[in-house]
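Hi there,

Here is the structure I promised to pass on.

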There are 2 protein chains.
Amino acid sequence: MDIADLAQRIVGGERRALARAITLIESTRPDHREQTRALLEALRGTGRQALRIGLSGTPGVGKSTFIESFGMMLTGQGLRVAVLAVDPSSARSGGSILGDKTRMERLSRERNAFIRPSPSQSALGGVARRTREAVALCEAADFDVVLIETVGVGQSETMVAEMADLFILLLAPAGGDELQGVKRGIMEMADIILVNKADGDLKPAAERTRAEYAGALRLLRRRPQDPKAFPKAMCVSALAEDGLQTAWEEMRILDAWRRENGHFDIRRAEQARFWFGEEVRRGLLARLDEDPQMRARMRALGEEVARGGMTVAVASQAMLAELGAGG
Amino acid sequence: MDIADLAQRIVGGERRALARAITLIESTRPDHREQTRALLEALRGTGRQALRIGLSGTPGVGKSTFIESFGMMLTGQGLRVAVLAVDPSSARSGGSILGDKTRMERLSRERNAFIRPSPSQSALGGVARRTREAVALCEAADFDVVLIETVGVGQSETMVAEMADLFILLLAPAGGDELQGVKRGIMEMADIILVNKADGDLKPAAERTRAEYAGALRLLRRRPQDPKAFPKAMCVSALAEDGLQTAWEEMRILDAWRRENGHFDIRRAEQARFWFGEEVRRGLLARLDEDPQMRARMRALGEEVARGGMTVAVASQAMLAELGAGG
């Protein structure tokens, strides 16, 4: 594969080149990993710094409808929009939250939109890593907005937040007066909470839910570098296409503020450090599984420990010595 | 320190020797780790296979009262009971769930009881590892029952389940008809669910809660090797010391069954393999933090990535090559 040519065609805006490059990224074959590294290096520094928006929401809050309506609104304003996903569950279910294109029928036909399902790998770390690299490709391909969605399985929100400039939490109107069991950690990551389905009969419930979350957000520690109004909770209706423009304006206000104040760059640098650390840790641990000799040794020592012939402490020290990693 | 002598005194039932050995285990000093390994090796195969009971319950369910009443009942029957804890939050709060001895006043004065608070380390992995080693010491010291409690922060239940023969989930009577937001994964680990506070006005609510959980447990996949009646949900009152004997008998029935059918040994062997893998992975990753040269190199490459001079993929490959771990 001619990597230089592929890079050039991605920068030139060829969607098929972008799709092919993401397929390369998702491969676990060592030669493909090598080509991926070369491609990412060739694309380093090209393109603009798109606005990366992380979007989390459990099934049923209308995430697909939101992405469709929100994406259509943005492309209607001449913006180029890429939609990626981090969904470790897609490997298990065989499908993907974005796999069903009929759920985003209009957006998937848009010339200025690019939709890519979550890579189907079992481990969250692997999925997140591939998606982060795909985000870099989308930036090189000159997209203005990269939406990264997640269903919020396990740590997936944290992973998405670590690759996004803004983190949006999408919720549905709640029935009672409870906070829908949203984990505090997720609340703390959110820059903007959008209560969807604020239309028809659900409008009053949506407004109540919004007010509750606005209250809860006030109790959380504010990010000192952000404008006072953030994080904030708003109502939208993806179905009625209501409130989306206002939500977009708020996102742009926060994004512009952070870029002006240098916090955008600081955050991106922190994220780069985070992913570097993640990759090194993942690579270290991978050796245990990938090197046949190490795997055999792990198995043998594990059996010795299991039958009580050796303590965990002694066996692990022996293994670490073989790995050249001390005790 | 004379490790052989210390080992002998632990086996001889000297509580002070046991306490001192656990302090040694909790130390992170390399020479102390070396002594710990020697001590654990010296004690390997001594003592009996105590019944290790994992006990999880969020604050407010009456965990301390339960341990006090349950422990007193067991010591009253001539059994020797050790109580350990896995509580990663104790490092942050400075205190420990078991630190306040007044909460288990009677049990802490019992000659046949040994209570040890959670080691105060910030990372769950470290806390769990030390506690697992302390469990081995308690077995060598010939305790009949080792209770390992956790408040259920993050993954701590999983860690406790990986060092216990039985896993007990303690709950309080619920107000409404909801399952108290107990995570499905925790439910699946439980061998017995105990609804505490089944006394006075709360008795009907406790019975309702028990029935709900009994129903929920029926929906979960049963462990095919266990008797049909398990997992089960029961009511107890730690305060009124009611139902504790019945609960204990159920624990013994399940334990006896598993020992007879070989599943006790199979599970212990699996757990040994698990902790061996954990120790090796932890040791591998620790090298990044502990080796000053590697730490400096990580920092330098991290900065290069942060300022955009290198991609994460290339920098992590370079680091892994230096660590001798391939790409």
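**Helix crossing in chain B**

Helix 2 of chain B and helix 3 of chain B cross in a left-handed way (the near helix is turned anticlockwise from the far one by less than a right angle; helices are DSSP runs of H or I, at least four residues, numbered from the N terminus). This is a predicted model: local features need pLDDT of at least 70, side-chain atom pairs count only at pLDDT 80 or more, and totals for chains, interfaces and linings use all residues. Residues are numbered from 1 along each chain as its sequence is written, chains are lettered from A and ligands numbered from 1 in the order written, and side-chain values use heavy atoms, without hydrogens and water.

On the helix 2 side of the crossing, the contact (heavy atoms within 4.5 Å) is made by A21(B), L24(B) and I25(B). Helix 3 of chain B brings H32(B), R33(B), Q35(B), T36(B) and L39(B).

**The two copies**

Of the contact residues of chain A, 98% recur in chain B.

**Domains of chain A**

An automatic or database assignment gives domain 1 (1–45), domain 2 (48–261) and domain 3 (274–323). The C-alpha centres of domains 2 and 3 of chain A are 39 Å apart.

Best wishes

Conventions. Helices (H or I, at least four residues) and strands (E, at least two) are DSSP runs, numbered from the N terminus.
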